[in-house]
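User: Please take a close look at one part of this model. I would like to know how the charged side chains pair up.

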Amino acid sequence: MTTTGTAVWGRAEQQDFRSRVRGCLLGGAIGDALGASVEFHSLDEIRREHGPEGLTDLVPAYGRRGAITDDTQMSLFTVDGLIRAQVRRDTGAWHPPTDVHRAYLRWAATQREWGPDERREEDGWLARQEWLYARRAPGQACLTGLGDDTMGTLAQPKNPDSKGCGAVMRSAPFGLLVGWEPQLVFQLATECAAQTHGHPTGYLAAGAFAVLIHSLAQGEPLDNAIQRALAQLSARPGHEETSTALKLALGAVRQGLPTAARVESLGEGWTAEEALAIGVYCALVAEDVRHGLLLAVNHGGDSDSTGSICGNLLGALHGETALPPGWLAELEGRATILELADDFAMEMTQGPALHGPAGSAPGWLARYPRS
């Protein structure tokens with residue numbers, strides 16, 4: 001499983017990979033939903049409202065329990081863009097950043113339009129999911145970066161001063177490209193992050209997060225994954241904030257039992273490196289997925305993003321069966337997330353059977369058009 005498009009996958013490998021893809025996307029969505037109700041609240045406010053242990057369960061946000069935010073919305077469109085890139089490769093038009101950018105433009109349309117009535121066939125099936133047409137506190141950098149059709153690049157990024165967490169929180173799917181080399185995963189994640197977040201910390205944290213997921217999706221422990229991410233960062237100009245944040249997360253593990261105060265010592269999560277550090281720390285010290293996610297959202301900061309990042313990590317590490325079933329049962333959009341996760345896993349493991357020079361499955365091209 002080391003070369004793009006040519007790997008031979010056994011049945012057990014396919015099943016393991018699909019479980020990790022499902023775990024990553026569903027785990028991120030659960031963390032997002034948990035944190036959605038307490039984002040912008042201080043720790044004292046969270047404890048006054050929910051008791052001395054803080055938040056311990058899903059509570060209503062945006063009118064329902066289990067509601068997701070822009071973090072999950074954009075992660076799903078990242079997956080959609082990556083599948084479309086694979087499909088379009090048959091045409092010789094191989095430039096994944098462009099396909100991901102087009103997917104992000106489709107997400108941006110969901111933030112402006114009332115519903116999918118105006119969607120064209122070439123927009124694919126995800127853009128026609130009515131439940132995604134909901135504005136859930138999207139970051140300003142994401143909205144302005146995608147406010148026109150011009151694609152930001154590393155050479156000419158959008159919002160060059162922005163290092164908010166809006167790019168890192170959507171970048172887990174790049175790490176699920178397990179047939180790619182880590183440096184290529186890192187590069188693609190940074191190129192796509194620069195479409196909205198042009199500060200080096202904003203896009204390098206996204207690249208580091210993708211490399212973490214890439215290692216976990218192949219069965220490596222989180223400690224090893226962090227060392228791989230640090231190695232990728234070390235060669236990049238402007239990496240210091242992100243590298244320091246990851247090292248602080250590692251150091252916090254050695255300081256004693258995990259507490260909300262220790263989480264808050266890493267920051268509030270509004271910036272990319274702080275959100276990454278908090279998510280990584282909570283995944284490192286997690287006794288199980290439930291414990292890690294509750295730790296990741298019970299702090300005074302960007303709780304949905306830190307919960308989402310932690311959930312992506314733990315889901316990729318342990319697979320879907322480790323996720324708390326009670327929370328899964330109430331998760332908004334669960335059927336769509338599962339469908340997209342399975343489509344991604346099928347594209348990555350069986351893509352040549354779905355499309356190629358010898359012929360293509362019409363149903364697949366209807367879902368992920370080449371146009």
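**Salt bridges**

Analyst: The structure holds 19 salt bridges. The model is predicted. Here are some of the pairs, one by one.

Start with Asp-99 and Arg-88. Their side chains form a salt bridge, at 2.5 Å from N to O. This pair joins distant parts of the chain, eleven residues apart. Asp-99 sits in helix H4 (residues 96-112), and Arg-88 in helix H3 (residues 70-88). Asp-99 has 3% relative accessibility, so Asp-99 counts as buried. Arg-88 is buried too, because its relative accessible area is 12% and the cut-off for buried is under 20%.

Next come Asp-148 and Lys-158. Their side chains meet in a salt bridge of 3.1 Å, N to O. They lie ten residues apart, and the pair links distant parts of the chain. Both residues are in the loop between helix H5 (140-145) and helix H6 (172-175). Lys-158, at 14% relative accessibility, is buried. Asp-148 is partly exposed, with a relative accessible area of 37%.

Now Asp-57 and Arg-65. They form a salt bridge, and their closest N and O atoms are 3.6 Å apart. Asp-57 is partly exposed at 30% relative accessibility. Arg-65 is partly exposed, and its relative accessible area is 30%.

Finally, there is a network. Salt bridges link Glu-113, Arg-119, Arg-120, Glu-122 and Asp-123.

Note on methods: Residues numbered from 1 in each chain as written. Predicted model: local features only at pLDDT ≥ 70, side-chain atom pairs only at ≥ 80, totals over all residues. Heavy atoms only, no water. Salt bridge = Lys/Arg side-chain N within 4 Å of Asp/Glu carboxyl O. Buried < 20%, exposed > 50% of the residue type's maximum accessible area, 1.4 Å probe, protein only. Helix = DSSP H or I, 4+ residues; strand = E, 2+ residues; numbered from the N terminus.
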